[in-house]
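Please have the structure open while I talk.

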Amino acid sequence: MNYLSINDIDSLSTWVKEAISLKKQPKKHKALGSDKTIGLLFFNNSLRTRLSTQKAALNLGMEVIVMNFGSEGWALEYADGTVMDQGTSEHIKEAAQVISQYCDIIAIRAFAGLKDKELDEAEEVLNGFKTYASVPIVNMESSAGHPLQALTDAITLEEYNFKNNPKVVLSWAPHPRALPHAVANSFIQMMQKQNAEFVITHPEGYELDPNITKDVKIEYDQEKALENADFVYVKNWSSYTDYGQIKSQDTNWQMTLKKLGNAKFMHCLPVRRNVVVADEVLDSNQSLVIEQANNRTYAAQLVLKKILESNED
């Protein structure tokens, strides 16, 4: 069993309920991971993902190995038939097989380069390990998806939702750097599994992959989209059509308390204060960002538990 996408979940509501149960007794299944090792491979920086996944593994009794490829590992080659006489020192074929001998699960974090859409969507790092590793693979954020964050968000929505059909809004926000689409993509895919009114709002030109958004309502008027919202999830992403480009830095899209109304505020963190969202929102009791960060542990722990149990079958 791999966990590469939020679509790898067979029943989201069942998984969410189990994660909430895990949260009450996080070390109940500590024997499950005894004598098992997880390798956390980071091709990009991390705070919540690294610490929460490591804590999740420890809660299950696993040993943890962490490697930062940017500063510690050899540069990997992914293409077949390459004459490796330039910058890469090791091929994914050998690397994945070798790491599989050291670890029972491999978890990988590798962001989009935002230069070549086809290359990013090919997910060469994630799929390279999936192809050549002999152990389960977990996606800790890839070029096009962040399924651990999406599961986290589903858990948080369940804990703080008190309506049968809540209104959830995903709102774009300005940012000084071009950011990937991974968090937004997985959040959308997760919301498509929910019983909720879901709206995406962003400036024109920031449409996401239509194969992911599908028939989700898109509203270019942010204030109209936010009317009567119960949850507002704010995230920046760069252009998908003009791939990786920043087409707007309209500060009017920053989330404020006035715009938020009575809704709960959500963000995956890290977040740039007073650029993406005003201090008054983050510091209010409507903000769920710290609760979301806490739930990262239990999302990861549930995924690892499912994988360990599947390997026992």
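This is a predicted model: local features need pLDDT of at least 70, side-chain atom pairs count only at pLDDT 80 or more; totals for chains, interfaces and linings use all residues.

Over residues 183–304 the chain is 34% helix and 13% strand, with the end C-alpha atoms 20 Å apart; helices here are DSSP runs of H or I with at least four residues, strands are runs of E with at least two, and both are numbered from the N terminus.

Residues are numbered from 1 along each chain as its sequence is written, and side-chain values use heavy atoms, with hydrogens and water left out.

Turning to the domains, the chain is divided into domain 1 (12–146 + 293–310) and domain 2 (147–292), with bounds that come from an automatic or database domain assignment. Their centres, taken over C-alpha atoms, are separated by 25 Å.

How many residues of domain 1 are in contact with domain 2? There are 33, and they touch 35 residues of domain 2, where contact means heavy atoms within 4.5 Å. The area buried between the two domains is about 2600 Å², and carbon and sulfur atoms give 64% of that; buried area is the accessible area (1.4 Å probe) that two parts lose on being put together, summed over both. Of the area that domain 1 buries against domain 2, Leu12, Leu114 and His146 supply 27%, more than any other three residues.

Across this interface the rule finds one salt bridge, meaning a side-chain nitrogen of Lys or Arg within 4 Å of a carboxyl oxygen of Asp or Glu. Glu159 forms a salt bridge with Lys23, and the closest N and O atoms are 2.9 Å apart.

The structure as a whole holds 10 salt bridges. One of them joins the side chains of Asp80 and Lys93 at 3.5 Å, N to O. Because Asp80 lies in the loop between β3 (76–77) and β4 (90–91) and Lys93 in helix α3 (residues 92–102), the pair ties together parts that are 13 residues apart in sequence.

Finally, two backbone details deserve a look. Most residues other than glycine have a negative phi, and most peptide bonds are trans. Glu141, in the loop between β6 and α6 (147–160), has a positive phi of about 120° although it is not a glycine. The peptide bond from Leu269 to Pro270 is cis, with omega near 0°, and Pro270 lies in the loop between β11 (264–266) and α11 (279–282).
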